[in-house]
Amino acid sequence: MVPVDTTMSGNPAVVMRLVASAYAVAEKAGAIIRMVLHSGELGIVEKTGANDLQTLADRLVQQSICASLSKSFPKITIIGEEDLPEEAVKEDLIESGQSEEILQKSCPLEYSALKEEELVVWVDPLDGTKEYTEAAKCLYLSDQLTCYLISGLLDHVTVLIGIAYGGKAIAGVINQPFFNYQLGTETAEMGRTLWGMPGLGAFGFELQEVPDGRRIVTTTRSHSNKLVTDTVDAMEPHDVIRVGGAGNKIVQLVEGKASAYVFASLGTKKWDTCAPEAILHAVGGKLTDMHGSALRYDANVKHMNSAGVLATLRNHQYYASKVPQSVLQALKP
């Protein structure tokens, strides 16, 4: 059993206050993403190509998250995906609330004395941008929900806020802005937020596992190549799921829809993996590069996960052992 600090209930530890704030900010981010989708004005720009897009929602959400957390925690380091110009952030984007449920939790003892300046926050304001824009185009062209209800593209969209200390992911928040959209609920009722911390647990979902003996691999929907397909084939999966968004793939792992997330390629960055890794570790899972080495989340680390990503809820060694030598040689840490 991991020791927890039971003396901090009247004055929660810094990291617990930061997670509580990140939870509230992620909820606001989800509302912004829904608002932009329904406005019909996505403001899409290409960053490096047609598979690397940025929307108004990406920009507004990153402004909201970074400005909100910086205001409450001025000494933390925040690294966001979007390269945005320095400008004043509108007051209505600032979220100062905190999750009371999280504030009531006891902080794991090893994190209870951490200082603001020791924490690094990795932010992906809208993970699954390509799927978000495709769903939007479908909605606008058809003037009805049917098209993207069937395609399920909005399931791929998440907001990721990961917290790191000493180079390790120690807490994560994932918001799914369109969770339950199939039910036709009102916008205000849509969405959910998952969060977790190793040593404390993970919350906001029901942990499930793929049935024993089944190997279901989840991998990229739009960034595949020979390295990826060779590695997936080497895992000898019973089924392969191709979806967008790193956050979405980790949710698949913890909800029993997949047993391994395999991406043997460049493409993901630290803001894609920090929050999901913390939640996965909180329930006993594991996330590494294709060599089985831990990812680092220090403030000065390179952003690209250059040796790919391998994540599992159970049996990590099995999947790591199946990675072809040719792939390991091609992907250098």
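Are Trp 195 and Phe 203 buried or exposed? Trp 195 is buried, as is Phe 203, where buried means under 20% relative accessible area, exposed over 50% and partly exposed in between (1.4 Å probe, protein chains only). The legends below describe a predicted model, in which local features need pLDDT of at least 70 and side-chain atom pairs count only at pLDDT 80 or more, while totals for chains, interfaces and linings use all residues. Residues are numbered from 1 along each chain as its sequence is written, and side-chain values use heavy atoms, with hydrogens and water left out.

**View 1. Aromatic pair of Trp 195 and Phe 203.**

**View 2. Aromatic pair of Tyr 318 and Tyr 319.** Here the ring centres lie 5.0 Å apart and the planes stand at 90°, so the pair is edge-to-face. Tyr 318 is partly exposed at 27% relative accessibility, whereas Tyr 319 is buried at 3%.

**View 3. Salt bridge between Glu 134 and Arg 221.** A search of the whole structure gives nine salt bridges (side-chain nitrogen of Lys or Arg within 4 Å of a carboxyl oxygen of Asp or Glu). In this one the N to O distance is 2.6 Å. Glu 134 belongs to helix 4 (residues 129-142) and Arg 221 to the loop between strand 11 (216-220) and helix 6 (226-234), so that the pair links distant parts of the chain, 87 residues apart. Helices (H or I, at least four residues) and strands (E, at least two) are DSSP runs numbered from the N terminus. Both Glu 134, at 23% relative accessibility, and Arg 221, at 32%, count as partly exposed.

**View 4. Salt bridge between Arg 296 and Asp 298.** The side chains meet at 3.0 Å, N to O. Arg 296 is partly exposed, with a relative accessible area of 39%, and Asp 298 is partly exposed at 23%.

**View 5. Arg 192 over the ring of Phe 179.** Arg 192 lies over the ring face at 3.9 Å from the ring centre; a charge sits over a ring if NZ of Lys or CZ of Arg is within 6 Å of the ring centre and within 35 degrees of the ring normal.

Key. Rings of Phe, Tyr and Trp (its six-membered ring) pair if their centres lie within 6.5 Å; planes under 30 degrees apart count as stacked, over 60 as edge-to-face and the rest as tilted.
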